[in-house]
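Please look through the sequence and the structure before reading on.

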Amino acid sequence: MRRYGKHTDEDDIRTRPGRRNTRPRTNIRPKHEDAAEGLVLTVDRGRLTCLVEDRVVMAMKARELGRKAAVVGDRVALVGDMSGKKDTLARIVRIEERTSVLRRTADDDDPYERVVVANADQLAVVTALADPEPRPRLIDRCLVAAYAGGLDPLLVLTKSDLAPPEKLLELYGHLDIPYVVTSREELQNGTAVARVREQLDGKITAFVGHSGVGKTTLVNALVPQEQRRTTGHVNAVTGRGRHTTTSALALPLAGSDGWVIDTPGIRSFGLNHVDPSRVIHAFPDLEPGTEGCPRACSHDEPDCALDAWVAEGHADPARLYSLRRLLATRERKEGD
């Protein structure tokens with residue numbers, strides 16, 4: 001063992017660097033002005049598949065982004081190897097500002113929100129008219145999330161060969177939501193696909209719906225070059241389907257500049273993150289009437305100014321009923 005005397009030469013002694021302060025830290029982050037632009041197509045266990053020009057590039061999030069996560073639909077800036085070759089990996093160094101965000105929580109008591117899709121123009125709520133039975137409360141929740149996130153809603157009703165659509169459409173007639181009704185035969189011969197495509201061309205559309213409604217089957221018909229597994233079935237006892245889509249995926253519409261984003265089947269749609277005051281923005285005929293409302297008005301109380309606004313003939317009473325039904329949906333469970 002080497003021993004040192006009282007007057008040793010400090011240069012002679014080896015020291016172990018400390019765990020902290022080994023290098024200077026700074027709040028200045030590189031701007032990456034030469035970063036390439038990309039679109040996030042899907043996310044799987046920390047790896048993000050991105051479209052950069054005409055190449056599919058695998059990437060990971062840069063450490064400098066911290067806890068900020070990129071989701072399907074995000075426009076991002078990438079650096080590194082963007083050749084798209086096997087076993088190459090780029091880095092996402094910036095997530096651009098989002099134009100819209102579809103969020104949900106596990107339930108209404110869950111404080112942690114999850115961003116499902118970013119930058120979508122519209123939300124297509126896919127619902128079967130039978131097998132499984134439609135769930136209007138779940139549809140209402142999807143509509144509230146769309147309005148709060150800045151997406152235009154679209155109703156897609158499937159399996160019209162099993163049940164007529166009129167009763168369900170009557171619930172949403174005063175919301176002025178565009179809709180498409182399809183049957184299984186029409187999906188097979190292509191006529192339903194053509195009608196749905198008319199609503200999708202030139203837009204980024206996120207598809208949501210609970211399992212078994214035929215959502216992925218419709219997506220496969222719209223984007224035949226990208227077939228997703230559709231082996232799920234509806235349980236005869238519970239009336240619920242099995243999840244056949246496990247991760248969100250953005251797919252380009254052939255012959256169009258539109259995109260389809262297929263999302264996993266949902267069984268609940270928590271709205272803990274939604275500020276009820278934002279839902280009124282989806283009702284431009286009612287919004288001016290809220291100027292006389294008391295502070296923090298729920299729009300469903302005795303002093304709400306909307307009652308007088310409607311009574312004076314500024315809006316249809318059915319529109320006020322629809323607004324209040326959507327606002328109240330946070331207090332109800334999807335199966336109610």
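A residue counts as buried under 20% relative accessible area, as exposed over 50%, and as partly exposed in between, with a 1.4 Å probe and protein chains only. The model is predicted, so local features need pLDDT of at least 70 and side-chain atom pairs pLDDT 80 or more, while totals for chains, interfaces and linings use all residues. Residues are numbered from 1 along each chain as its sequence is written, and side-chain values use heavy atoms, leaving out hydrogens and water.

**The chain and its sheet**

The protein chain holds seven helices and 13 strands. These elements are DSSP runs numbered from the N terminus: helices are H or I with at least four residues, and strands are E with at least two. Of the 336 residues, 46% are buried.

Strands of a sheet pair through backbone hydrogen bonds, either parallel or antiparallel. Here two strands are taken to pair if DSSP finds at least two bridges between them. Six strands form an open sheet with mixed pairing, in the order β10-β9-β8-β11-β13-β12. Its edge strands, β10 (179-181) and β12 (249-252), each pair on one side only. Within the sheet, β11 (residues 204-208) and β13 (residues 259-262) pair in the parallel sense over four bridges, and Phe207 stands opposite Asp262 in β13.

Helix α4 (residues 191-200) packs on the sheet and touches β8, β9, β10, β11 and β13. Contact means heavy atoms within 4.5 Å. The direction of helix α4 makes about 170° with that of β10; axes are lines fitted to C-alpha atoms, for helices over the stretch in contact, and angles run from 0 to 180 degrees between N-to-C directions.

**Two residues in the strands**

Thr205 is found in strand β11, and Val126 lies in strand β8. The table gives their relative accessible areas.

| Residue | Relative accessible area |
|---|---|
| Thr205 | 0%, buried |
| Val126 | 1%, buried |

Which residues does Thr205 contact, leaving aside its neighbours within four places in sequence? They are Gln122, Ala124, Leu200, Trp259, Val260 and Ile261. The side chains of Thr205 and Gln122 are also joined by a polar contact of 2.9 Å. Such a contact is a pair of N or O atoms within 3.5 Å; within protein, one must be able to donate a hydrogen and the other to accept it, and residues adjacent in sequence count only if both atoms are side-chain atoms.

Val126, not counting residues up to four places away in sequence, touches residues including Val156, Phe207 and Val213.
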